[in-house]
Amino acid sequence: MDETEFWEIVDSTRAAAEGDPEEHADLLVERLAQLDPDSVLDFARHFEARYNRAYTWDLWGAAWVLLDGASDDAFDYFRCWLIGQGREVFEGAVHDPDQLAELLDEFDEEIDGDGEELGYAADEAYEQLTGLVAPDLGIALQPAEPEGAPLDFEDEAVLAERFPRLWERFRS
C-alpha cells in the first residue's frame, strides 16, 4: 500500500462517517477488513509513522488551544483524530499547527479532537482477518519527548502568541 492509497482509505471512510469520529473508526475497520492482512499491516505502518511524526510540542499546543487543555492521552487521541482528517489537514497542521484555524471547517470539542478508536482500527481489522494480534510493525517508536521546543501550556499569553489564529477563532 502506498501513501496515496492510505489517504484514499482515510478520506473515503471519513466522508462516509459524515464527521463522526466513532463512526469513522467503525467504517475504517470494515474497509480494512476487506483487504489482505499484509495490506492492513501496511496501512498500520502508514498510520503509525504519521502518528509519530505529529508528536511535536507545537501540535500539542494547538491541541491544548482547541480542546481547552490536553493531557498526554488526549494528545495521543488528538493525533489519531488529526490523521483521520485527511492529508491536507494533517500535512498543514504538521507544517504549521496554527493553520488549523483555517483548515478546520468546524470544531466541536465535545465530538472532535478525539480519534482514539481510529488508532485501533488496523489492529482490529487484522485480528478479524487472522484471529491473531497484529505483529510488531517494525518501525521506530515515537521519541521519549515531543519534537521542538517545549511550551508552557498553562500560560495563555504564550499560547495566544504562538497560535494567534487558533486563539482568535477558538478561545477569544
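The model is predicted, so local features need pLDDT of at least 70 and side-chain atom pairs count only at pLDDT 80 or more, while totals for chains, interfaces and linings use all residues. Residues are numbered from 1 along each chain as its sequence is written, and side-chain values use heavy atoms, with hydrogens and water left out. Helices are DSSP runs of H or I with at least four residues, numbered from the N terminus.

**Helix α4 and its surroundings**

- Helix α4 spans residues 57-67 and packs against helix α5, residues 72-84, at an angle of about 95° with the axes 10 Å apart. Axes are lines fitted to C-alpha atoms over the stretch in contact, and angles run from 0 to 180 degrees between N-to-C directions.
- α4 and α5 are therefore roughly perpendicular to each other, a term for angles of 65 to 115 degrees.
- On the α4 side, the contact (heavy atoms within 4.5 Å) is made by Leu59, Trp60, Ala63, Leu66 and Leu67, and on the α5 side by Asp72, Phe75, Phe78 and Leu82.
- The residues of this contact divide into eight nonpolar, no polar and one charged. Ala, Val, Leu, Ile, Met, Phe, Trp, Tyr, Cys and Pro count as nonpolar, Asp, Glu, Lys and Arg as charged, and the others, Gly among them, as polar.
- In α4, 10 of the 11 residues are buried, meaning under 20% relative accessible area with a 1.4 Å probe and protein chains only.
- The buried residues of α4 pack against α5, α6, α7 (100-103), α9 and α10.
- Asp68 follows α4 and has a positive phi, near 60°.

**Aromatic rings**

- The whole structure holds 13 aromatic pairs. Rings of Phe, Tyr and Trp (its six-membered ring) pair if their centres lie within 6.5 Å.
- Trp57 and Trp60 form a stacked pair (planes under 30 degrees apart), with 5.5 Å centre to centre and 10° between the planes.
- Trp57 and Trp60 are three residues apart in helix α4, so about one helical turn separates them.
- Trp57 also forms a tilted pair with Phe153, at 6.0 Å centre to centre and 45° between the planes.
- Trp57 is buried at a relative accessible area of 13%, and Phe153 is buried at 10%.
- One aromatic cluster is formed by Tyr55, Trp57, Trp60, Trp64, Phe75 and Phe153.

**Charges over rings**

- The charged end of Arg79 sits over the ring of Tyr51, 3.8 Å from its centre. For Arg, this requires CZ within 6 Å of the ring centre and within 35 degrees of the ring normal.
- Arg50 lies over the face of Phe6, 5.1 Å from the ring centre.

**Helices α1 and α6**

- Helix α1 (residues 3-17) packs against helix α6 (residues 87-95) at an angle of about 110°, with axes 10 Å apart. That makes α1 roughly perpendicular to α6.
- Glu3, Thr4, Trp7 and Asp11 of α1 meet Arg87, Phe90 and Glu91 of α6 in this contact. By class, it has two nonpolar, one polar and four charged residues.

**Phe170**

- Phe170 is found in helix α10 (residues 164-170). At 23% relative accessibility, Phe170 counts as partly exposed, the class between buried and exposed (over 50%).
- Leaving aside neighbours within four places in sequence, Phe170 is in contact with Leu66, Ala101 and Phe107.

Definitions and conventions
Helix = DSSP H or I, 4+ residues; strand = E, 2+ residues; numbered from the N terminus. Parallel < 35°, antiparallel > 145°, perpendicular 65-115°, else oblique. Phe/Tyr/Trp six-rings, centres within 6.5 Å; stacked < 30°, edge-to-face > 60°.
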